[in-house]
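Q: I would like to go through this structure step by step. Could we take it in short questions?

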Amino acid sequence: MLALTLQIVLNGLTTGLVYVLMALGFTLIFGIMRVVNFAHGELYMVGAFAVTVLSGKLSWPYVPAAVCSVILVGVLGSLLERFLFRRVIGNEFNCMILALAVSICLQSLGLIIFGPDEIGAPRPVTGVFHFGSGVIPADRVFVGVMAILLLVAFYFFLNKTHFGLMMRAVAQDPEVAALHGIRPKRVHTAAFAIGSLLAGAAGALMAPIYTVFPYMGELPMMKAFIVVVLGGLGSLSGAVVGGLLLGIVESGFATMLGSTAAALVAFAVVVATITIRPEGLMGRRS
Amino acid sequence: MLRKALLVLFAALAFGWPLVIENRYVTHIGVLIDISATVSLSLNMMLRIGQLSAAQAAFMGLGAYTSTLLVMRLGLPFLIAFPAAGLLVAAIAAVMGPIFLRVKGVYFVLLTFALGEGIGLVFQEWVSLFGGNNGIHGIPKASLFGMTMLTPRSYYYFALALAGVTYLVAVGVFRSARGAVLDSLNENEELSQSLGVNALSYRVCVFAISGFFAGLAGSVYAHYTGFLSPEAFAFSTMVDMLAINVIGGISSPLGPLLGAILLVPLPELLRDVKQYQMLTYGLLLMAAVLFLPSGIAGGLRSLRQWQRSP
Amino acid sequence: MTALLETSGLTKRFGGLKAVDDVSFSMAEGELFGIIGPNGAGKTTLFNLVTGTLRPTFGEVRFRGNALTGLKADAVARKGIVRTFQATTVFREATVLDNVRRAHLLRTLHQPGRLLASLIEWKASEAEAREILDLLELDRFATQKARELPYGSQKLLGIGMALATRPRLLLLDEPAAGLNPNETRALAGLFARLRGRGVDIVLVEHDVRLVMSVCDRILVLNYGQAIALGIPEVIRNDPQVIEAYLGGADEIA
């Protein structure tokens, strides 16, 4: 029993960390810009494809390929904000539709350029680790470690740098922040860039583990959505706690009941959460 | 006056063209346009009270499966299964409404999204009832008063009638006194409530009506195509209905009509370049949001106003 | 004789702060009742508790003997207690006349099920609306858009809309705020006319002089607590009230 639990937790933590990356990006964008980024899954996909092309087709070593991919997605995010979202910011409905449109365009570009087939990226590490009685593949440990490093960097940025402080100020109260001379536009671009970057990182990390194809972003998007609703739209700590929790609970449910039952339970919980406590477990009441 | 004349002309065209153009395939597109228009109109009603319901495609699915099961499992005639499908979905909406419609704005979108996904999963997983991913095959054709509808043209007229009725209801709901109440709620809910209006009951009413017509559309879809699978009612279908509204225009029921006529044939026109279908679609949607936020209908209205002003 | 409106032990806590602390009062039929207090005394919170906008932490509100506690704002309005707002809350794009007619319509059509009565009600509402505008001396604005009216007139329109619902009790939320002395005098005259029509009024106000001059009895709040309740003469000389308004003592005299 303990061995099974340990295995469930280990599996859950590794997927959970990826969920955290996705959820953080999603909630950051919502918290600062009030945009429900329906294209978040596609940013994940772009990250995955970028790494696949760089380390697969161009035979770059994995880490430089991943870093470049992540930066690429970040730049893409900032362009999307600068030229598209900036024009409709303030109108929540239009922002949502725009995000949907971007999602469709990115998916179709993926289809056009790469075709619908699943491809793979080369694995950066192979083998397994033994953790007590649990077994965990080395590449997942690698993902977990990279994810943790990224999260630490993000935390450092948000809490210890001047710009991070500005972002938190805008998230709390954009008007007051403006009164203090913070220009919301720069913060918005940064928020979208960083949010996209996190999604791209998740994609780049997962590319060698699962297959890569244009529709791959849909499922992670769904997970991010569930985590963010549970943790609270706009709450960063909620995203972290929620992501890890979802990873572990899902791992448990999936092992016991099957993955679609797990998904059904997840959606039921989402419906209940929004109805009873829309701001999520850790969010602020607006 | 001109507007009414144009609408009558439009209706005449919609009614008359299949008698002139006897092309099975074009008629098939026509059926799809009418079914899409009905569901899009149901979404439009919700949009006009300020709630984006992402569950309309799932409602359509509920209507489709209900009608199918009533006919295939219980042997009921289409004439009963069809309205029953609509009424069941309306009842579900009426029961869920008081709980869910307390939630507004972006949270309502997310809520109905989760609901839609959940319902889709049920369609996939409850294999004994819904046939799972393989769906249900061999759905009997619809029959009215003993006559079985076999040709696309017969379904076209049935679906056209449904779309027409839905359009009239969509217009009627927002007209005169009830329209005034809904507009007041939209404009200033706090004020309206302080004067005694039970906002929730109005929203539930509109939600139930929108569910009714989405369910009816689903029933027609099921008996027309003869085959159902959960994919037909997934989020992508929801996005289609939303795009039809955004591009066509939200502020009047004319919008989704125009949107359906424009967007439903699109995949067919671009059949040879399938990958570009999606891209065109996405770009159109993007263009609508960025440049024509009130859609084509809104654009036409602005054009008329601009022409009228000196 | 049952009080028209009464509260007992009404309390509202926001976290650690007691915005309204154990307030009890009762108001009789035919009274013009005033509620005053310095800034932050809890007047608005008390107001919102009675109208159903906020739920009390403890305590009860009763209207004609029936409990109101816990009812939502629209239910309270349907019981006959209608409020106005501090801000100018009107339907900005509609004409002044239509605003009043719409208020009547909204009251009649409070549920979708009542739509059958709608056509008849709308036609009949014009005469009554004109009469209300007359009463408020807004009839010359009848065909203008509500947003074109001067501030004071918009506030009056808000009162007119509340009247169109044929309320039993009118709750006015700082109706004199932002009015010049002329307009305030006109307001006092309006109160007299409304009393003549049998509409009872509860007035939450900042303008102490106005309240002293028109109200039958006054409740004074400070730091969420009721510190005095009585006729204007008594209130004027109450030492606790004077102390609460220290610095504003001139206003009371």
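Q: Is Leu242(B) buried or exposed?
A: Leu242(B) counts as buried, because it has 26 C-beta neighbours inside 10 Å. A residue is called buried if 20 or more other C-beta atoms lie within 10 Å of its own, exposed if 12 or fewer, and partly exposed in between, with C-beta atoms placed from the backbone.

Q: Before we go on, what sort of model is this, and how are things labelled?
A: This is a predicted model, in which local features need pLDDT of at least 70 and side-chain atom pairs count only at pLDDT 80 or more, while totals for chains, interfaces and linings use all residues. Residues are numbered from 1 along each chain as its sequence is written, and chains are lettered from A and ligands numbered from 1 in the order in which they are written.

Q: Back to Leu242(B): where does it lie?
A: Leu242(B) lies in helix H11 of chain B. Helices (H or I, at least four residues) and strands (E, at least two) are DSSP runs, numbered from the N terminus.

Q: And what is Leu242(B) in contact with?
A: Leaving aside neighbours within four places in sequence, Leu242(B) is in contact with Ile97(A) and Leu43(B). Two residues are in contact if their C-beta atoms, placed from the backbone, lie within 7 Å.

Q: Which chains share the most contacts?
A: Two pairs of chains are in contact, and chains A and B share the most contacts. That contact takes 31 residues from chain B and 29 residues from chain A.

Q: Which helices of chain B supply the side that touches chain A?
A: Helix H4 (78-100), helix H5 (105-125), helix H11 (235-248) and helix H14 (274-291) of chain B each supply at least two residues. The largest share, 13 residues, comes from H5(B).

Q: What classes of residue are on that side of chain B?
A: It has 24 nonpolar, five polar and two charged residues. Here Ala, Val, Leu, Ile, Met, Phe, Trp, Tyr, Cys and Pro count as nonpolar, Asp, Glu, Lys and Arg as charged, and the others, Gly among them, as polar.

Q: How about chain C: how many of its residues are in contact with chain B?
A: 23 residues of chain C are in contact with 20 residues of chain B. H3(C) gives the largest share of the chain C side, five residues. By class, that side has 13 nonpolar, five polar and five charged residues.

Q: And what separates chain A and chain C?
A: No contact joins them, and their closest C-alpha atoms lie 13 Å apart.

Q: New topic: how many helices and strands are there in chain B?
A: Chain B has 15 helices and two strands. Its radius of gyration is 19 Å, close to the 19 Å that the globule rule gives for 310 residues, so chain B is as compact as a globular protein of that length. The radius is taken over C-alpha atoms, and the rule is 2.2 Å times the number of residues to the power 0.38. Of the 310 residues, 52% count as buried.

Q: What sheets does chain C have?
A: One is an open sheet of four strands in the order E2-E1-E4-E5, with antiparallel pairing. Another is an open sheet of six strands, in the order E6-E7-E8-E3-E9-E10, with mixed pairing. In the latter, E6 and E10 of chain C each have a single partner strand, so one side of each is left without a neighbour in the sheet. Two strands pair if DSSP finds at least two bridges between them.

Q: Where is Arg64(C) found?
A: Arg64(C) is in the loop between E4 and E5 of chain C. Those strands pair in the antiparallel sense over two bridges, and Phe63(C) has Asn66(C) as its bridge partner. Arg64(C) has a positive phi of about 55° although it is not a glycine.

Q: Which loop holds Tyr223(C)?
A: Tyr223(C) lies between strand E9 (217-222) and strand E10 (225-230) of chain C. Its phi is near 50°, a positive value in a residue other than glycine. Tyr223(C) counts as partly exposed, with 15 C-beta neighbours inside 10 Å.
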